[in-house]
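Hello,

Please take a look at the structure below when you have a moment. My notes follow it.

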Amino acid sequence: MGNIVIHPHDNVEVCPENGHKYARRNIACGEAVIKYGYPIGTATADIKKGAHIHAHNLKSNLSGLNEYRYNKAENAISPAAPVTINAYVRQNGQIGIRNDIWIIPTVGCINKIAEKIAQRTGAFCFTHPYGCSQLGDDFTCTQKILSGLVRHPNAGGVLVIGLGCENNNIPVFKAQLGDYDETRVRFLGAQECDDEIAAGVKLVEELQRIAANDIRQEVPISKLVVGLKCGGSDGLSGITANPAVGRMTDKLVSMGGTCVLSEVPEMFGAEQILMNRCADESIFNDTVNLINNFKNYFLSHGQPIGENPSPGNKEGGITTLEEKSLGCVQKGGTAPVTDVLGYGDTAKVSGLNLLIGPGNDMVAVTNLTAAGCHMILFTTGRGTPLGAPVPTLKIATNTALAEKKSSWIDFNAQSGSDDALFDLIVATANGKKTKNEANDCREIAIFKDGVTL
């Protein structure tokens, strides 16, 4: 198989065996290196035709904040015939594609108690180290993420377990939680019990009896909310897996569904593409704030905006953040951007939503879950076993990974068809277990940006 030219304007081509870039022609020192039809950085030396291009002769152009203009692109997604899925219809009209019982600690001090209750009942508990010794927005972020998990429609029932003396004690947390289904959420204060484990087991068993009466019903796929994530990316991520997910995004959006794209630092260098697809100028302005506020987060900590990709990304052929971002945003397809969500917000507008948050895999999948995503399409070129509380479909960029880590990977984008991927998404919504579920890899991580007391 010959090298891959992604866009006719590119002056690089990609080797399908290792994902690395090679010059299509001579490139002069100081000249832009073009991939995906866009600059991914500047050559730091003269590069001969056929030469390897990587960190030794290519640098990022990212530095500070940019000014942006709204140049609205015409979005023409072909309508697709709607399909149905079988899901659990909740009291508020939302759907769940799972009916599990979740245990959510309000504070890290109670993690082991939550784990023991889960072990005795078969419920899933999602431990974390926060909920106390936090101030201001940092504390509020923790509450918002935990609230999104408690209200998540994939949970047939939720036990919220607190200690009693923490900042995020149960009465305080209830005030942040807002509307929830009181028939499916129970609260337990450990300091108030003689035997908190026995009390917790009793409450979980009550929830399990309620959930046992739930049945799947036929509903339109337009009710489905899908998160988009990449991790352990390589040079083929933007050629195989991410474009395949982008086509799924367009198909789901054309059917009235909702997709959520996060990982804001991995939009840097490709943000104008998303901005031009904003449905109106108000959403464009929100997207500009999304980008610049996250850049300011980097700068406020004295860190360079382009401090990315990871060592694994580089080994897989990605050199600069622009290159990584141009591959990353392809998961959003060509759909119009219809809403911008803050950290801990819930997706409410159909179409492609942008969600503030970092690219860190565990933080990002938790963020997407709390935003109401029923499942996450997770592309990877290097492989990872992690999973969110919701089904996390691992989509490999290359056959070698799919074969080597078949216990992690659900779909091979290098050889699988779009129809097969869509069928897998529907089957997952209907109850088919993903590899992360079969392996019991379900975890959360909450974004931390503040003082610890």
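Here is what I found, from the whole chain down to single residues.

First, the basis. This is a predicted model, in which local features need pLDDT of at least 70, side-chain atom pairs count only at pLDDT 80 or more, and totals for chains, interfaces and linings use all residues. Residues are numbered from 1 along each chain as its sequence is written, and side-chain values use heavy atoms, with hydrogens and water left out.

Overall fold

The protein chain has 13 helices and 20 strands. These are DSSP runs, numbered from the N terminus: H or I of at least four residues for helices, E of at least two for strands. The radius of gyration is 22 Å, close to the 22 Å that the globule rule gives for 453 residues, so the chain is as compact as a globular protein of that length. That radius is taken over C-alpha atoms, and the rule is 2.2 Å times the number of residues to the power 0.38. The C-alpha trace spans about 75 × 50 × 45 Å along its principal axes.

Of the 453 residues, 56% are buried. Buried means under 20% relative accessible area, exposed means over 50%, and partly exposed lies in between (1.4 Å probe, protein chains only). The accessible surface comes to about 18,100 Å², and carbon and sulfur atoms hold 49% of it. Areas come from the Shrake-Rupley method with a 1.4 Å probe; for residues, only the protein chains shown count as cover.

Contact means heavy atoms within 4.5 Å. Among contacts with a separation of 6 or more, 70% join residues 24 or more positions apart.

Cores

In soluble globular proteins, nonpolar side chains tend to be buried together. A nonpolar core here is a set of buried Ala, Val, Leu, Ile, Met, Phe, Trp, Tyr and Cys residues joined through side-chain atoms within 4.5 Å. The largest one has 65 residues, and Leu224, Met267, Phe268, Met375 and Leu377 touch the most other members. Helix H7 (residues 281-300) gives the largest share of this core, 7 residues. A second, separate core has 37 residues, including Val260, Ala347, Ala370 and Phe378.

Leu377 is worth a click. Beyond four places in sequence, its contacts include Val226, Leu228, Val245, Met248, Leu393, Ile395 and Ile425. Lys229 is also among them.

Helix H10

How many of the 10 residues of helix H10 (residues 361-370) are buried? The count is 8, so H10 is largely enclosed by the rest of the structure. The buried run is Val363, Ala364, Val365, Thr366, Asn367, Leu368, Thr369 and Ala370. These residues pack against H2 and against strands E9 (100-105), E14 (225-230), E15 (258-261), E17 (351-355) and E18 (375-380).

Ile103 lies in strand E9. Ile103 is buried, at 0% relative accessible area. Leaving out residues up to four places away, its contacts include Ala114, Ile117, Phe124, Phe126, Leu159, Ile161 and Val204.

Phe447 sits in the segment after helix H13 (435-438). Phe447 counts as buried, at 16% relative accessibility. Beyond four places in sequence, Phe447 touches Asp138, Tyr297, Tyr343, Pro358 and Val363. Val363 is 84 residues away along the chain, yet the two C-alpha atoms are separated by 6.1 Å.

Asp138 belongs to helix H2 (residues 136-150). At 4% relative accessibility, Asp138 is buried too. Beyond four places in sequence, Asp138 touches Phe447, Lys448, Asp449, Gly450 and Val451.

Loops to check

Which backbone angles stand out? Ser133 is not a glycine, but has a positive phi of about 60 degrees. Ser133 lies in the loop between strand E10 (124-125) and H2, and is partly exposed at 24%. Glu263 also has a positive phi of about 60 degrees without being a glycine. Glu263 is in the loop between E15 and helix H6 (271-276), and is buried at 0% relative accessible area.

Last, Ser222 is in the loop between strand E13 (217-220) and E14. Ser222 is partly exposed, at 28% relative accessible area. Outside four places in sequence, Ser222 contacts Met255, Gly256 and Gly257.

Best wishes
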